[in-house]
Amino acid sequence: MPTITAAQLAELVGGTLYGDGERLLRSAAPLEHASSDSVTFLANVRYAALLSETAAGVVLVSSGVRRSQGDVIETADPYAAFVKTLVFFHPEVEHGAGIHESAVIASDVQIGANVLIGPCCVVQKGVKIGDNSLLEAGVFIGEQCVIGNNCRIHPQATIRHHVQIGNRVTIHSGTVIGADGFGFAFESGRYQKIPQIGTVIIDDDVEIGANTTVDRATMGETRIGEGTKIDNLVQIAHNVRIGRHCVIAAQAGISGSTVLGDYCRVGGQAGFVGHLKIGDGAAFGAQSGISHDVRPGEVLSGSPGRPHSVWKRIEAALPRLPELLRRVRRLEERVGIGSGEKEKERA
Amino acid sequence: MPTITAAQLAELVGGTLYGDGERLLRSAAPLEHASSDSVTFLANVRYAALLSETAAGVVLVSSGVRRSQGDVIETADPYAAFVKTLVFFHPEVEHGAGIHESAVIASDVQIGANVLIGPCCVVQKGVKIGDNSLLEAGVFIGEQCVIGNNCRIHPQATIRHHVQIGNRVTIHSGTVIGADGFGFAFESGRYQKIPQIGTVIIDDDVEIGANTTVDRATMGETRIGEGTKIDNLVQIAHNVRIGRHCVIAAQAGISGSTVLGDYCRVGGQAGFVGHLKIGDGAAFGAQSGISHDVRPGEVLSGSPGRPHSVWKRIEAALPRLPELLRRVRRLEERVGIGSGEKEKERA
Amino acid sequence: MPTITAAQLAELVGGTLYGDGERLLRSAAPLEHASSDSVTFLANVRYAALLSETAAGVVLVSSGVRRSQGDVIETADPYAAFVKTLVFFHPEVEHGAGIHESAVIASDVQIGANVLIGPCCVVQKGVKIGDNSLLEAGVFIGEQCVIGNNCRIHPQATIRHHVQIGNRVTIHSGTVIGADGFGFAFESGRYQKIPQIGTVIIDDDVEIGANTTVDRATMGETRIGEGTKIDNLVQIAHNVRIGRHCVIAAQAGISGSTVLGDYCRVGGQAGFVGHLKIGDGAAFGAQSGISHDVRPGEVLSGSPGRPHSVWKRIEAALPRLPELLRRVRRLEERVGIGSGEKEKERA
């Protein structure tokens, strides 16, 4: 693992060191597990009590925070500084190159430089794989797929035919890209399959978690924009288009032909009906249910989704609803109105 | 790809051609991507503006719709006609036959005519596979399974032991049929596994999407009825019975022993508790939560699920709840009733 | 299959036999499918009518229940007794031992006694596998994993590198243990990956269903406590800690760093935000949404989650909300208050 001095680390993270610049640091660790040659951080005042107990060589802290004894690096954003530290100590592992003898590769596959294809992978005809890409064990790549440079396809991922994947894309285990969209026409009492003849395009720097599904388009393409990050067990239906630099948390689902702009944030288990248009920078709470178009920058919560502030007020008022029924009945008695119940029965 | 004249297409879809019957057509495409030898359709008036721009050779339209220039086929249901057109241009691809040398097939497996078993498939002892069926790469078929004719099992699907699958069944990648049901008995502070000794039966013409799970029964069978279509990431628990010609959208979940009738429609992320009886033709909104038996033809929305019209009225009224609290307080002041708040405190 | 006499069965389940102690029993079956040499049970009075029709040799019943003709074993908990009967007739199948020739096993892997590794499995370097464990077909075990004794890893499960699994752990097909947590830092308009350098520890006697995901920790560990049972399609995010003997139903999701105590019960499709602390014995309804810490033993329902009794009252009152709006308007008219609507417009 790489090493760094405290002075070098301060420079790397753009912070100010209060302590021994020569101290040699060998790892990054959480406050409670850090030792004298490791770096940790304090971003949340809730954990300030741990500051006097940690054995860490250096703690990344925000402005003015000091330890009773021990060194700190002061920085505007200790967590961001810690992420830089983690990246320094854990650079992407270089994989080897070569094709495992158990992999089944069609004869016309084009494979770039420094590509590793692991055991039991299957790569069908017409596929192109760019430089430095990694297919771990048991990966399936269907006919005519294009995989860019520096991609990492983790064990047991499935990429169906004709899918196009850009550069520096990571796809985790069990994920299925390019299965048929869910399209059926109801005729004479039966559902007839609508051919799903489109494909999926995944742009550069996308990461997709484990056991997620991204369906191919009926016609044209399902598309995941550059830099977007998708978590585990997410459903992306046919002809959905996700913009650039979105984040979509686990178990969210986006129905057919819905279009998300750039920089959208989708909470876990949120759901979108089909054919919606979602503006740039919109954000959606966990378990929200979205059934209308959304303007750029809107923040929605609840199911059905409402502006977050409206939803908060409704949620706060809801527990008082049973009491409100009693109060209205009392008011009606006082002013001599026949009870609402009776009124309802007459209706 | 097949070709067809405009006159032949009109006959195929049961429509009336206004234009050149000899025009040769080679593909189906969306309005914005169609060229002079392709067929497109206009089903939604929202897209009528595209009608004057499309380069399509022929547009399938509803009664009375015409292009400023260019041919149309008039038909009662342009989308259904387009689906027929898609099916014409994209018939099911014939797969070859044979068993890949890397597949691991038990010696007593019975394999029908014209079956293709791809690389890295594993087929265990006692399995029967019907004619014309396809097992793509990395498929697992457990002991004593029966797979019918003309089935398509996509890469990395898992069918556990003793499962029975009918004819013309499609199962997409990553889906697991016949894992143990989630059954445990709590005893002396620990959960003891209840043996799951039943199986799964999947009837003819069923299609099941990617990364879905259909658990085996505790005893007896979990059953998916003829013609039913199930989307991605759906959970079908042990002893569930789904009727014929149902559609179940992505991420829906149906708990143990619940029985759905025929022609039910289940929205995305909907959930059913166990042991329910759901009548034929019932429909369920996205994210609905169903915890009671449902009569045939009922349409439920929301969580907990309510008749759709009731739920719509509640949803419309909810944003006014905070205001209602204020109005009732004002009424109480006016008529001289001690505030509900105080009443509540005394309670 | 094993056989047992009625007298021996009564002793096994701790019940009292009314009938022929010598009767030989060969199977366990549901009421409607039982034959003269099989055992069934009646736990729910709803099915009492079946009691006079069943052909079962013996029915396990609760106190005082008798058949018009036929034998019974009386017991305090007929269902628990039936589970014991099922376990007796269906003991865990002994698997063979050996490594299939198509499996790819690194040269330094340590494999215990009586281990079976099936076709197309991949086991990477540094892995240790305990005695009597089973890896079915197509299982992936990443570098430096430790698998305990008597584990069952079902077809196509994926265990990524450095994961530690205890004894008697069952992992079903398609499940992914140890994929990267979903951690990204937003910087200069892009999401930068935070290295996920932690791991997953799964304690003894855990069972995890199909197509579930348990992510590795950012640092430290994601942990599943002893005896906990997790259903299909569940998401367990990085650094989550689940206590001992919890049950988590299908499609539930638990976000990063949330800690569940022992004996918690989580309903299907329930969701937890990150960084929560959930007390021992807490229970959560299906589709509940939990966003605050929870005390031991609390029972929450709804989204957002509320104490179950509060939620029930709200749910019961909700359908009356539209009517309440009308009643309040009538009250305002009666006492001569300007309508709430106008008040709102002025606001």
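Author: Buried area is the accessible area, taken with a 1.4 Å probe, that two parts lose on being put together, summed over both. In this predicted model local features need pLDDT of at least 70 and side-chain atom pairs count only at pLDDT 80 or more, while totals for chains, interfaces and linings use all residues. Residues are numbered from 1 along each chain as its sequence is written, chains are lettered from A and ligands numbered from 1 in the order in which they are written, and side-chain values use heavy atoms, with hydrogens and water left out.

Chain C and chain B bury about 5100 Å² between them, and 62% of that area lies on carbon and sulfur atoms. To this contact (heavy atoms within 4.5 Å) chain C gives 62 residues and chain B gives 63 residues. Of the area that chain C buries against chain B, 11% is supplied by Gln156(C), Leu325(C) and Ile337(C), more than by any other three residues.

Turning to the charged groups, seven salt bridges are found across the interface of chain C and chain B, a salt bridge being a side-chain nitrogen of Lys or Arg within 4 Å of a carboxyl oxygen of Asp or Glu. In one of them the side chains of Glu187(B) and Lys84(C) meet at 3.8 Å, N to O. The count of residue pairs in polar contact between chain C and chain B, both residues at pLDDT 80 or more, is 23; a polar contact is a pair of N or O atoms within 3.5 Å, where, within protein, one must be able to donate a hydrogen and the other to accept it, and residues adjacent in sequence count only if both atoms are side-chain atoms.

The elements that each supply at least two residues of the side of chain C that touches chain B include helix H2 (78–89), helix H3 (308–317), helix H4 (321–335) and helix H5 (340–346) of chain C, and strands E28 (229–230) and E31 (247–248) are also among them. Here helices (H or I, at least four residues) and strands (E, at least two) are DSSP runs, numbered from the N terminus. The largest share of this side, nine residues, comes from H4(C). By residue class, the side of chain C that touches chain B divides into 31 nonpolar, 17 polar and 14 charged residues, where Ala, Val, Leu, Ile, Met, Phe, Trp, Tyr, Cys and Pro count as nonpolar, Asp, Glu, Lys and Arg as charged, and the others, Gly among them, as polar.
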